[in-house]
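Morning, everyone. Please have a look at the model on the screen. I will go through side-chain contacts, then take your comments.

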Amino acid sequence: MDPHIRHWKGAIARFCAAPDPDYSEMARMIAEIATTDIDETLRHAAAQVLPILRQAALKSADRCTRSMALRRLGIVSDALHMLSAPQFGRRGLTPKALTQEERYRQLLGLPFGRRLAATEVHQAFKRAAKTVHPDGGGNGPAFLELAAARDALIKHH
């Protein structure tokens, strides 16, 4: 985790827990967050919160404005939490490469993982050929690839 994120999370937690928080200090920190290049979502959240924090830092700010500033600070806190929370699962991995048959099915717009009838493959070919055929405004190599996909799927099933 970035040390800046850890520092900002701690500062926001201390600010929210303080009985008489310093809104001008928090406005300076949020302005610093708004100018960083760590994450676009974090910068956007800080830019949204900054005006109300600046209003709450004024001596003439009422209790309602300060309460609203504390609630809006939660937007930045949530963005910081999303950046520092561990990412479980397979989010960062690239998708697996498609097999030749899966590419053919994708090309014809057919579903994966089930047996296909020859008529179903032929109907999908006719539907796709309307846009890819050279007479219909498509190009020759794409049509030949589509025909090869149809032939391979019909032969396979």
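This is a predicted model: local features need pLDDT of at least 70, side-chain atom pairs count only at pLDDT 80 or more; totals for chains, interfaces and linings use all residues.

Residues are numbered from 1 along each chain as its sequence is written, and side-chain values use heavy atoms, with hydrogens and water left out.

Aromatics, then. Rings of Phe, Tyr and Trp (its six-membered ring) pair if their centres lie within 6.5 Å; planes under 30 degrees apart are stacked, over 60 edge-to-face, the rest tilted. How many aromatic pairs does this rule give? The count is 2. Take Phe 15 and Tyr 23: ring centres 5.2 Å apart, planes at 90°, so this pair is edge-to-face. Phe 15 is buried, at 6% relative accessible area. Tyr 23 is buried too, with a value of 6%.

Now Phe 125 and Phe 143. Their ring centres are 5.9 Å apart and the planes sit at 45°, so call that pair tilted. Helices here are DSSP runs of H or I, at least four residues, numbered from the N terminus. Phe 125 is in helix H6 (residues 118–132) and Phe 143 in helix H7 (residues 140–156), so the pair ties together parts that are 18 residues apart in sequence. Both rings, Phe 125 and Phe 143, belong to buried residues.

What lies over the face of Phe 125? Arg 150 does, at 4.1 Å from the ring centre. The rule for a charge over a ring: NZ of Lys or CZ of Arg within 6 Å of the ring centre and within 35 degrees of the ring normal. Arg 150 is buried, at 18%.

Arg 150 also takes us to salt bridges. That means a side-chain nitrogen of Lys or Arg within 4 Å of a carboxyl oxygen of Asp or Glu. The count is 4. Arg 150 bridges to Asp 151, closest N and O atoms 3.1 Å apart. Asp 151 is partly exposed, at 43%.

Next, Arg 105 with Glu 101, again as a salt bridge, with 3.1 Å between the closest N and O atoms. They are 4 residues apart in helix H5 (residues 100–108), about one helical turn. Arg 105 is buried at 4%, whereas Glu 101 is partly exposed at 25%.

Last one: Arg 114 and Glu 120, 2.5 Å from N to O. Arg 114 is partly exposed at 40%. Glu 120 is partly exposed at 22%. Comments, please.

Methods:
Buried means under 20% relative accessible area, exposed over 50%, partly exposed in between (1.4 Å probe, protein chains only). Helices (H or I, at least four residues) and strands (E, at least two) are DSSP runs, numbered from the N terminus.
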